[in-house]
Amino acid sequence: MPAPRSGVPGVATPAAGPNEFPLVASPRAPSVRRRALAALALAAALPACRPAGPSFRSTDVTGAEFGRDFALLDPDGRTRRLADFRGKFVMMFFGYVQCPDVCPTALSRAVAVREKLGADGARLQVIFMTVDPERDTPTILRAYAAAFSPDFLGLYGDLPTTQATAKAFRVFYQKVPNGASYTVDHTATTYVYDDAGRLRLAVPHAMSADDLAADLRTLMGAGG
Amino acid sequence: MKFTRLVAVCAAFAVSPVFAQVNVQDAWARGTVAGQKATGAFMKLEAAKASRLVSASSPVAGVVEIHEMAMENNVMKMRAIPGLALPAGKTVELKPGGYHVMLMDLKQPLKAGESIALTLVFEAEDKSKSNVELKVPVRALAAPAKAEHGKH
């Protein structure tokens, strides 16, 4: 049985209420039940306990087994993988161009973060993966990413690849019919990779550019 | 297109009980790139008397709706709402992370520095309707969500 992973914002985690733990099934041993619960709580807390490592304002997901790699197309039709960006810190966001609110807010935050990092901003690669490849053509995707910064990269895949990649990155998305058109509910988490290509941070949408820049400084200063 | 009455926001002399007077401030629309068919418009609304924003229209968009955005467990959800309540004398802000006027089926890209016509339709408690005609400036697609980083 897979162990429940740490709570990553926007990432579907199996609900694990106290009654679902098989260890606490005995109603005749409340103290055992309490101790078992305490032990479980401790076990759950341990992966987040890294006294030797840096501390972040985002959720530290170092060691996570999801979001390891992708194979997506850039607007020129070239296949891009996470490994192509070794040596850069990567911020990856998932969204769609017709999104009026969350996506431009996240990408303009990325612009602000890079400015705040000064010279280190050049060590950052921002990637926008569309979850709406049916409407976000390569031409639109290129123009959209470039509207934020010429070196922001929009990536896409066909529908099966988009689905598989979102699943592999624990990103939820769902088309929602809206009149003759549709909107797309989607996870608004930004992922941050270190320069060795390891997933390190899950950044909630609400985090400020200042806090995110501070996390990136910490990450860059920690030597990756 | 139906000719819309010009109900001036500043029509202090023309106060009529059938008009829901609504003051609109800091309106802006987010720019788009070629091929992008939807974007949002944001503003602050303050109604003198309790009323509701019930619809909107613009010559640049085939469809205009009032939308609410909500984050649930860091998943963005966006839905059309039938109207937005404006309590008397309270500023209701349409801003990223909350409400927006959704412009869909755009007929042209919205370029920063230009402005678009937008008609807002308000409904008073007595169900009377009134329009407010706006010229809404277009900000860059990459404009930050927070107004303090704007041009003011």
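1. **Basis.** This is a predicted model, in which local features need pLDDT of at least 70, side-chain atom pairs count only at pLDDT 80 or more, and totals for chains, interfaces and linings use all residues. Residues are numbered from 1 along each chain as its sequence is written, while chains are lettered from A and ligands numbered from 1 in the order in which they are written.

2. **Confidence.** The model scores ipTM 0.81 and pTM 0.79. pLDDT is the predictor's confidence in each residue, from 0 to 100. Chain A averages 84, and 76% of its residues score at least 70. Residues 1–30 of chain A have a pLDDT below 50. That stretch still has 36 contacts in the model beyond near neighbours in sequence. A contact here means that two C-beta atoms, placed from the backbone, lie within 7 Å. Chain B averages a pLDDT of 86, with 82% of residues at 70 or above. Its residues 1–18 are below 50 and have 15 contacts beyond near neighbours in sequence. Residues 147–152 of chain B are also below 50, with 2 such contacts. Where pLDDT is low, the predicted coordinates should not be read in detail.

3. **Chain A overall.** Chain A has 5 helices and 10 strands. These are DSSP runs, numbered from the N terminus: helices are H or I of at least four residues, strands E of at least two. Of its 224 residues, 40% count as buried. Buried means 20 or more other C-beta atoms within 10 Å of a residue's own; exposed means 12 or fewer; partly exposed is in between; C-beta atoms are placed from the backbone. Among chain A contacts with a separation of 6 or more, 67% join residues 24 or more positions apart.

4. **Helix α2 of chain A.** This helix covers residues 102–116 and has 15 residues. From first C-alpha to last it reaches 21 Å, close to the 21 Å expected at 1.5 Å a residue. The expected span is 1.5 Å times one less than the number of residues. In α2(A), 11 of the 15 residues are buried, so the helix is largely enclosed by the rest of the structure. Among the buried ones are A:C103, A:L107, A:R109 and A:R114.

5. **Nonpolar cores.** A nonpolar core is a set of buried Ala, Val, Leu, Ile, Met, Phe, Trp, Tyr and Cys residues joined through C-beta atoms within 7 Å. The largest has 63 residues. A:L107 is one of the residues with the most contacts inside it, as are A:M91, A:F128 and A:Y144. Helix α3 (residues 138–148) of chain A gives the largest share, 7 residues. Apart from this core lies another, of 32 residues, including B:A38, B:L45 and B:V132. Leaving out residues up to four places away in sequence, A:L107 touches A:F93, A:F128, A:F148, A:F152 and B:A142.

6. **The A–B interface.** In all, 29 residues of chain B are in contact with 32 residues of chain A. β5(B) gives the most to the chain B side, with 5 residues. That side divides into 18 nonpolar, 8 polar and 3 charged residues. Strand β8 (residues 181–187) of chain A runs antiparallel to β5(B), joined by 2 bridges. The bridge partner of A:H186 in β5(B) is B:M76.

7. A:A166 sits in helix α4 (residues 159–168) of chain A. It counts as partly exposed because it has 19 C-beta neighbours inside 10 Å. Its C-alpha is 8.4 Å from that of A:F94, 72 residues apart along the chain. A:R170 lies in the loop between α4 and β7 (173–178) of chain A. Its phi is near 55°, a positive value in a residue other than glycine. A:R170 is buried, with 20 other C-beta atoms within 10 Å.

8. **A loop residue in chain B.** B:N73 lies between β4 and β5 of chain B. Its phi is also positive, near 55°, and it is not glycine. B:N73 is partly exposed, with 14 other C-beta atoms within 10 Å.

How values were computed:
Nonpolar A, V, L, I, M, F, W, Y, C, P; charged D, E, K, R; others polar. Pairing = 2+ DSSP bridges.
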